[in-house]
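Here is a quick tour for anyone meeting this structure for the first time. Have a look at it, then read on.

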Amino acid sequence: MRATSVTAAARILIAAGTADAMRDFTERLTFAPADEILHMLRTLAAEEWMALPPWARNLAYRLACLQRPTDPDLLREAAADLLSFGPDWDSHAYELQERAAAASVHGAAASTGEVADHSA
């Protein structure tokens with residue numbers, strides 16, 4: 001995948017940390033598709049896991065999860081990231097884990113033609 005504009009903006013944010021860099025990153029992130037957001041997060045994590053500020057990571061995962069609210073893998077990834085920076089966000093992480101579990105059950109039932117039982 002090509003280097004994306006949100007990835008470039010994130011690199012500038014990491015290097016400069018200025019108000020202009022924050023604004024540009026936030027604007028690009030706001031309108032980026034989930035694939036681009038995840039590419040940015042995973043690319044930067046592979047290079048230097050702690051480089052991107054937690055507020056930027058939280059926002060990025062939040063926007064990706066809003067675009068893919070039933071993607072259990074994404075929900076689990078976002079939850080794991082939140083737990084890495086807790087405990088302030090632990091309750092949000094646990095909620096994402098619960099949503100991931102529910103999405104997995106629903107997805108498994110849909111792939112087999114079964115109806116998921118959500119009465120528990």
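## Two helices side by side

A crossing is called left-handed if the near helix is turned anticlockwise from the far one by less than a right angle, and right-handed if clockwise. Helices themselves are DSSP runs (H or I, at least four residues), numbered from the N terminus. The crossing of H4 and H5 is left-handed.

Helix H4 covers residues 54-67 and helix H5 residues 72-84; they pack at an angle of about 160°, with their axes 10 Å apart. Those axes are lines fitted to C-alpha atoms over the stretch in contact, with angles from 0 to 180 degrees between N-to-C directions. H4 and H5 are therefore roughly antiparallel, a label for angles over 145 degrees. On the H4 side, the touching residues are Arg57, Asn58, Tyr61, Ala64 and Cys65, and H5 brings Leu74, Leu75, Glu77, Ala78, Asp81 and Leu82. Contact here means heavy atoms within 4.5 Å. Sorted by type, the residues of this contact come out as 7 nonpolar, 1 polar and 3 charged. In that sorting, Ala, Val, Leu, Ile, Met, Phe, Trp, Tyr, Cys and Pro are nonpolar, Asp, Glu, Lys and Arg are charged, and the others, Gly among them, are polar.

## What the model is

This is a predicted model, where local features need pLDDT of at least 70 and side-chain atom pairs count only at pLDDT 80 or more, while totals for chains, interfaces and linings use all residues. Residues are numbered from 1 along each chain as its sequence is written, and side-chain values use heavy atoms, leaving out hydrogens and water.

## The nonpolar core

A nonpolar core is a set of buried Ala, Val, Leu, Ile, Met, Phe, Trp, Tyr and Cys residues joined through side-chain atoms within 4.5 Å. The largest one has 29 residues, and Phe25, Leu29, Ile37, Met40, Leu41 and Leu52 touch the most other members. Helices giving two or more residues to this core include H1 (5-16), H2 (19-30), H3 (34-47) and H6 (90-112).

Leaving aside neighbours within four places in sequence, Leu29 is in contact with Val6, Ile37, Met40, Ala56, Leu59, Ala60 and Leu63.

## Buried or partly exposed?

Val6 sits in helix H1. At 0% relative accessibility, Val6 counts as buried: buried means under 20% relative accessible area, exposed over 50%, and partly exposed in between (1.4 Å probe, protein chains only).

Gln97, in helix H6, counts as partly exposed at 35%. Leaving aside neighbours within four places in sequence, Gln97 is in contact with Ala79 and Leu83.

Note on methods. Angles under 35 degrees count as roughly parallel, over 145 as roughly antiparallel, 65 to 115 as roughly perpendicular and the rest as oblique.
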